[in-house]
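Here are my notes on the fold and its ring contacts. Please read them with the model open.

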Amino acid sequence: MSVSRGLFKQLANNFVSSVFADFTKSFIIQVITRVSDGQGGFTKSWSNFASLTGFVELKSGGQVVTTTGGGSKIDQNEIYIFQFEYIDGITLSKRIVYDGETYNIMSIKALQEVDVWLLVEATKGEPT
């Protein structure tokens, strides 16, 4: 039996809505744009690309200690998974804003390699 993309998407959304309704979270995908500085130059600014609802979970986390020039620094090393309905245009150059924090996109995977549901891995913090 063959299932059309539209029917699969509808079934997946119905399943997600009914089973995981309590786990839906709102977040924003942002894109960096060049904005005129009013003096002939440009500055970079983040603007909203898409507002989404999906799932957010901590995949792994910990602390990393780096030593440079006689000093030590402890950094949080947390990877989050954002899961949401497929939208075109999500790239590694964008970022996610969730619960007042920014997350750098590390990888983007389509669930079962079908353009219906995305799994995005991201780390907390400002882009470098």
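1. Start with phenylalanine 84. Its relative accessibility is 0%, so phenylalanine 84 counts as buried (buried is under 20% relative accessible area, exposed over 50%, partly exposed in between, with a 1.4 Å probe and protein chains only). Phenylalanine 27 is also buried, at 2% relative accessibility.

2. A word on the source. This is a predicted model, in which local features need pLDDT of at least 70 and side-chain atom pairs count only at pLDDT 80 or more, while totals for chains, interfaces and linings use all residues. Residues are numbered from 1 along each chain as its sequence is written, and side-chain values use heavy atoms, with hydrogens and water left out.

3. Now the aromatic pairs. There are seven in the structure. Rings of Phe, Tyr and Trp (its six-membered ring) pair if their centres lie within 6.5 Å; planes under 30 degrees apart are stacked, over 60 edge-to-face, the rest tilted. Phenylalanine 27 and phenylalanine 84 have ring centres 5.6 Å apart and planes at 65°, so this pair is edge-to-face. Phenylalanine 27 belongs to strand β1 (residues 25-36) and phenylalanine 84 to β5, so the pair ties together parts 57 residues apart in sequence.

4. What is the geometry of the pair phenylalanine 82 and tyrosine 103? The centres are 5.2 Å apart and the planes at 70°, so this pair is edge-to-face. Phenylalanine 82 lies in β5 and tyrosine 103 in β7, so parts 21 residues apart in sequence are tied together. Phenylalanine 82 is buried at 0% relative accessibility, and tyrosine 103 at 3%. Ring pairs link Phe27, Tyr80, Phe82, Phe84, Tyr98 and Tyr103 into a cluster.

5. The strands next. Six of them close into an antiparallel barrel, in the order β1-β2-β5-β8-β7-β6. Strands here are DSSP runs (E, at least two residues), numbered from the N terminus, and two of them pair if DSSP finds at least two bridges between them.

6. Look at β8 (residues 117-124). Antiparallel pairing with β5 (residues 79-85) runs over seven bridges. Tyrosine 80 stands opposite alanine 122, and isoleucine 79 has threonine 123 as its bridge partner. Seven bridges also join β8 to β7 (residues 101-110), again antiparallel. There, alanine 110 faces leucine 118. Six of the eight residues of β8 are buried.

7. Check the hairpin of β7 and β8. Six residues lie between the strands, and glutamine 112 takes a positive phi near 55°.

Terms used: Helices (H or I, at least four residues) and strands (E, at least two) are DSSP runs, numbered from the N terminus.
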